[in-house]
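Please open the model in the viewer and keep the selection panel at hand.

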Amino acid sequence: MKKNPYGIADYKRIIEEDYYFVDKTYYIPKLEEVGSYLMFLRPRRFGKSLLISYLAYYYDIYYKDYGLYKDTFIGKNPTKEAHSYCVLRFNFSSVSIEDIEYSFNHEIELNVNSFIRKYKLNIAIDKNPKETLKNIFNYFSENKNLKLYILIDEYDHFANRLLINNESDYKSIIKDKTAFFKEFFTILKSATDSENSPLKRLFITGVTPMTMFDVTSGFNIGQNISLREEFNGLVGFNEEELKKLLEYYKVDVDIEILKEWYNNYQFNKYSQEKIFNSDAIFYFLNNYKNRLPDEMIDINLRSDYKKLRYLIYTNKKLNGNFETLQKLVSSQEISITNIIQDFSALRLSEENNFKSLLFYLGLVTIENSFLKLNLKIPNETIKRIDAEYIAISLKYEDILSINISRLEDYFADFALNGDIQVFEFLAKEIEKNTSIRDYIKNELVIKSFYITYFSLVPYYITKTELELNKGFTDLFIKPFYEQVKYFALAELKYIPRTEKLSKEKIKKLKQEAITQLKKYENDELVKKYEKQNKILKKIVLVFYGWELVVCEEIE
């Protein structure tokens, strides 16, 4: 049986060491047709490095006789350009931000020098690696029988890290005309400018267009194909590819679970194809032992989103971007006319830039498109990552600090014994943290706190605005682990502090909640869990501003 390629992005190694390969080489002719100089953006850990790798081996004259593609689509249907280039590769994920200029130049030096030795080219190696790169371009201009293809992986990786750590250092690599990073792209562009340009093909991957905009005022070298319909599934897996993978490894798991945790990415508003995160799928398979993994989220994926904290602060205070995240966690959609393809990293305070950035990071995806694009969190993995950073941000700012260990204890008591104190515990924590009161403006905010903190507990998946029996429930707390005995429907009602509190008002809202709960409990999804011998708890919550005035279980 072929090995699981989790964490491996070298195509040659995958083939030679018999790892499983999801064949996407049928995209190669499409890439050739669309243009010569391309940029392709996707969230991290989606398979971009493997894409770069199989493009490199396919076009490289050096690997013509290796037979690496004999069992693939492109091996059986090769294009005229197969194995006809000298291929120069860069991977900027290895650039350190500690001594950034030295590290960047060292990366260039290693690769250009290795390139010259590999093809035994009569090219002078300069002390300045960018001069060596220019020498390469001059050599290919003079030798018309040779063709050059440059592949750059994770072009913006170190720049994004630099932006998070020190904005002034980021400005230093993009602003000055002599800035080393800017100079590199100026040299690249000069090699594509004329009809007889030495650089015949260029393919760049990254996560966002921000850095490219900041160093070149947009990808003016060629085309950004990231949002084109025909490349929606260039990386990641579609459902058919996933089913073949599960069948091959004989994994008997409900595919709806994998959809809920890892699916629903859509990168073009017209596409009907939903994409699974490929790294997350291989992580799952690596940890599946005839039962679901204890931890459904790859810790490496979590670490990729630490940049969130940078995005939600302005002048050391939570900004409007934080409120957008709260809204998203509460299953509310955000709208934008179109995803912005060119914007500066220095203008993220602008609402549409921030929303577009969330899309490029994979924190939101296209839900539907009418006059505007509606964006929402794609899956449970991203919802939990967002929830973690909301909780961390609230704690960091001394706004709301919850004892997660105690919350887990209360949840365990609910899971095994049906004790609903967990709902009161969170409400009391909100009430006693007086700094939070400035943020509590409506029911949505209260609900977002429940979703945020309940999403930090592994025993359940907490849904909001889920359609049940032609209505939309506030909280549906459904069991995730088999050992869980109880699950819950909760309706939350809110009375602003500007209104006078009365028994009549409370009674009216309570009755509304009861009516809704009785309607929702007859939905097929609820009945499904009851057939599994799970016991439903129906709970009414009424808040007066930040104060919980009703927490009752109904029959």
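Select threonine 79 first: beyond its neighbours within four places in sequence, its contacts (heavy atoms within 4.5 Å) are Pro29, Glu32, Tyr58 and Ile74. With glutamate 32, the side chain of threonine 79 forms a side-chain polar contact at 2.7 Å; the term denotes N or O atoms within 3.5 Å, one able to donate a hydrogen and the other to accept it, and residues adjacent in sequence count only if both atoms are side-chain atoms. Threonine 79 lies in the loop between helix 4 (73–76) and strand 2 (86–91); helices (H or I, at least four residues) and strands (E, at least two) are DSSP runs numbered from the N terminus. Its relative accessibility of 16% classes threonine 79 as buried (buried is under 20% relative accessible area, exposed over 50%, partly exposed in between, with a 1.4 Å probe and protein chains only).

This is a predicted model in which local features need pLDDT of at least 70 and side-chain atom pairs pLDDT 80 or more, whereas totals for chains, interfaces and linings use all residues. Residues are numbered from 1 along each chain as its sequence is written, and side-chain values use heavy atoms, without hydrogens and water.

Next, select arginine 201 and glutamate 81, whose side chains form a salt bridge (3.0 Å, N to O); the criterion is a side-chain nitrogen of Lys or Arg within 4 Å of a carboxyl oxygen of Asp or Glu. Arginine 201 is in strand 4 (residues 199–206) and glutamate 81 in the loop between helix 4 and strand 2, 120 residues apart. Arginine 201 is buried at 7%, and glutamate 81 is buried at 17%.

Finally, select Glu239, Lys243, Glu256 and Lys259, which a salt-bridge network links.
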